[in-house]
Amino acid sequence: MDRITCAHAHPYAARPDGLFACACGEQLAAADVEPDTGQVWTVDTSGALVVVTDPNSALESLQDAVQDLREATEYPNRAAVRHQAAQALREALEALREAAAYGITP
Ligand SMILES: [Zn+2]
């Protein structure tokens with residue numbers, strides 16, 4: 001989870017009118033929030049605008065990692081392939097868990 005901030009590193013807070021505003025008064029409309037590819041935006045429990053990994057992207061990473069684990073024996077460096085795939089699996093599962101904690105599911 002990363003907070004979306006203004007140029008002065010202030011987090012944007014949700015307001016009742018549907019806009020987000022930072023401490024120096026910059027405003028951001030929901031339609032103008034543009035998360036990077038593979039991320040989605042949401043609001044944390046304090047009302048701050050944050051981005052988390054898109055669970056659909058995490059699922060694709062998870063599927064790729066499972067395939068790498070299954071095919072690891074085809075590589076000369078199978079231990080390294082397994083290690084990287086296991087790490088990718090852990091990261092994908094953590095991303096899914098984090099997104100689910102915000103109520104975002106694939
Ligand atoms: Zn600011």
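Visitor: Into which domains is the protein chain divided?
Guide: This is a predicted model. The protein chain splits into two stretches by residue number. They are domain 1 (2-53) and domain 2 (55-101).

Visitor: What distance separates the centres of domain 1 and domain 2?
Guide: The centres are taken over C-alpha atoms. Between domain 1 and domain 2 they lie apart by 30 Å.

Visitor: Which strands stand at the edges of the open sheet, and why?
Guide: The sheet has 3 strands, paired antiparallel, in the order E2-E3-E4. An edge strand has a single partner, so one of its sides is left without a neighbour in the sheet. That applies to strand E2 (13-14) and strand E4 (27-29).

Visitor: Is H1 roughly parallel or antiparallel to H2?
Guide: Helix H1 (residues 55-71) packs with helix H2 (residues 78-101), their axes 8 Å apart. The angle is about 155°. Angles over 145 degrees count as roughly antiparallel. Therefore H1 relative to H2 is roughly antiparallel.

Visitor: In which hand of crossing does H1 pass H2, left-handed or right-handed?
Guide: The helices pack at about 155°. The crossing of H1 and H2 is left-handed.

Visitor: How many residues of the contact of H1 with H2 are nonpolar?
Guide: H1 contributes residues including Leu62, Ala65 and Leu69. H2 contributes, among them, Ala85, Leu89 and Leu96. In the contact of H1 with H2, 1 residue is polar and 2 are charged. The nonpolar residues number 14.

Definitions and conventions. Residues are numbered from 1 along each chain as its sequence is written. This is a predicted model: local features need pLDDT of at least 70, side-chain atom pairs count only at pLDDT 80 or more; totals for chains, interfaces and linings use all residues. Domain bounds come from an automatic or database domain assignment. Two strands pair if DSSP finds at least two bridges between them. Helices (H or I, at least four residues) and strands (E, at least two) are DSSP runs, numbered from the N terminus. Axes are lines fitted to C-alpha atoms, for helices over the stretch in contact, and angles run from 0 to 180 degrees between N-to-C directions. Angles under 35 degrees count as roughly parallel, over 145 as roughly antiparallel, 65 to 115 as roughly perpendicular and the rest as oblique. A crossing is left-handed if the near helix is turned anticlockwise from the far one by less than a right angle, and right-handed if clockwise. Two residues are in contact if their C-beta atoms, placed from the backbone, lie within 7 Å. Ala, Val, Leu, Ile, Met, Phe, Trp, Tyr, Cys and Pro count as nonpolar, Asp, Glu, Lys and Arg as charged, and the others, Gly among them, as polar.
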